[in-house]
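Hi,

Here is the structure I promised to pass on. Have a look at it first, and then read on for what turned up.

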Amino acid sequence: MYRKIFRKTYLVPAILIVFVFFYFVHYRFLTDVKLKKKLAEQKEQLDEVSEEILDVDENIHAFYYAWYGNEEFDEGYYHWNHRFLPSWDADSSKLYAIGERHTPPHDIGANFYPSLGTYSSSDPMVQKLHMYLLKKAKIGVIAVSWYPNDKSDDEGVPKEAQFFRELLDSAQYGGIKVCFHIEPYEGRTAQSVAEDMKYIIKTFGDHDAFYRRKRPNAKLGEWDLPMFYIYDSYRIPASEWKKVLSHDHRNNPTSIRSSPETDAFVIGLLLQTKDLKEIADSEFDGFYTYFASGKVSQGATQQNWKTYANFAKSNNLIFIPSVGPGYVDTNIRPWNSGMTVDRRGGNTYRESWQAAIKCRPEIVSITSFNEWHEGTQIEPAVSKMATVKHPLGSFTEGKFNYPSYASEPGYYLSLTRQLANDFSKSAVQV
């Protein structure tokens, strides 16, 4: 009798385990099928667009983030599960669930929800689709966020050289070029950045998708040069930058200019107007503004751009204004609502492009293609209502509404092409 009872008691949990296992496998299978179907449908739609419409402009760059991970490709979520970050004001931090993580796939560290769901940047299908989307927007170059092989930001994991080769392959497949956006990291110096650039050129410089740009007044036989954006370059003194960027390399043998194989266009970040002299003294080849809001930095204030363009012209520098659709980061910085810039149905984006075009720049950069945490993305998004653990950093579970764009998920891709055409036409008329 006891043996029968034991068998029955043992059998029920076993059946439950088997049921849960098969349900999980079935759910993952259906989720995978749905995602791949969505990817295939979007690619098919893009394939229907004529080649004439899918021209790109290599003077339009978009900041691209390849730091997202999910369970299928990366054995865990990265970046989608972003923590709530502390405020600079300790008292403000006490009001929110600082340090708690989002719990994907429905609860993510962003105020918008991607049309592709919580994708992995390592998924070749996602990479290729991104290149189609970029092409649809007329964007010719992505500036991919980069850290040295053994380093990453606090929310991600290091990326090996093979990952970037695969990304370059995907870019070549889609007709897009790739340059590198070198991020801050522990121990970063002007010299270490110079070594980073040499490594990148040596490792990826022979790839057909590696972006190169003609140097001004190039002589016959002179090579086109790669381009690097240096984020937070102002944290390193001009005197240190000059050692590795000096054009008078006879007196500075450590300068990257000392060899045509290591020379490059190096673009520093302008945070404040007073830093213009630092940019010139550092011997950067140009400067960009990155931020999508004048609330964040003086350099991003559009009323200043004409001044910056004139300074660049007088000093033989490249001025690259950064345009963006808006800014909102309250799902990772819940105390930062004062910095939010509403998209206003696309008008914020239109106005930033118009301000950039008035400056007659050689290059316009877009912040961003897919920086979801700060709500600057133009990648397609969908509306979604979800139950989340800490809506906007609160201590109690609740509903969170991810809003849609003005009309449809790909709205900002279409708008980008329209505005990019205006930019291209203005460049022809100069």
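Predicted model: local features only at pLDDT ≥ 70, side-chain atom pairs only at ≥ 80, totals over all residues.

Proline 105 lies in the loop that runs between α3 (90–93) and β2 (113–114).

Threonine 367 and serine 368 are joined by a cis peptide bond with an omega of about 10°, and serine 368 belongs to the loop between β11 (364–366) and β12 (381–382). I mention these bonds because most peptide bonds are trans.

While you have the backbone angles open, two residues have a phi to check. Most residues other than glycine have a negative phi. Histidine 79, however, has a positive phi, near 70°, and asparagine 316 has a positive one too, near 55°. Where are they? Histidine 79 lies in the loop between α2 (71–74) and α3, while asparagine 316 is placed in the loop between α9 and β9 (318–320). Is each of them buried or exposed? Histidine 79 has a relative accessible area of 1%, so it is buried, under the 20% limit. Asparagine 316 has a relative accessibility of 67%, so it counts as exposed, over the 50% limit.

Next, serine 293, which sits in the loop between β8 (286–288) and α9 (305–314). Its relative accessibility is 5%, so serine 293 counts as buried. What does its side chain reach? The side chain of serine 293 comes to 2.9 Å from the backbone nitrogen of lysine 295. Leaving aside residues up to four places away in sequence, serine 293 touches Ala300, Met339 and Val341.

Now for the rings. The structure holds 34 aromatic pairs. One of them is formed by phenylalanine 180 and phenylalanine 210, and it is tilted, with 6.2 Å centre to centre and 40° between the planes. This pair links distant parts of the chain, 30 residues apart: phenylalanine 180 is in strand β4 (residues 177–182), and phenylalanine 210 is in the loop between α6 (190–204) and β5 (212–213). Both phenylalanine 180 and phenylalanine 210 are buried. Elsewhere, ring pairs join Phe112, Tyr349, Trp353, Tyr405, Tyr411, Tyr412 and Phe423 into a cluster.

- Lysine 128 has its charged end over the ring of tyrosine 173, 5.4 Å from the ring's centre.
- Lysine 159 lies over the face of phenylalanine 163, at 4.5 Å from the ring centre.

Which residue does its C-alpha atom lie 7.6 Å from? That residue is lysine 135: the C-alpha atoms of glycine 175 and lysine 135 are separated by 7.6 Å, although the two are 40 residues apart along the chain.

That is what I have for now. Happy browsing, and do write back with any questions.

Best wishes

Key: Residues numbered from 1 in each chain as written. Heavy atoms only, no water. Helix = DSSP H or I, 4+ residues; strand = E, 2+ residues; numbered from the N terminus. Buried < 20%, exposed > 50% of the residue type's maximum accessible area, 1.4 Å probe, protein only. Polar contact = N/O pair within 3.5 Å; in protein donor to acceptor, adjacent residues only side chain to side chain. Contact = heavy atoms within 4.5 Å. Phe/Tyr/Trp six-rings, centres within 6.5 Å; stacked < 30°, edge-to-face > 60°. Lys NZ or Arg CZ within 6 Å of the ring centre and 35° of its normal.
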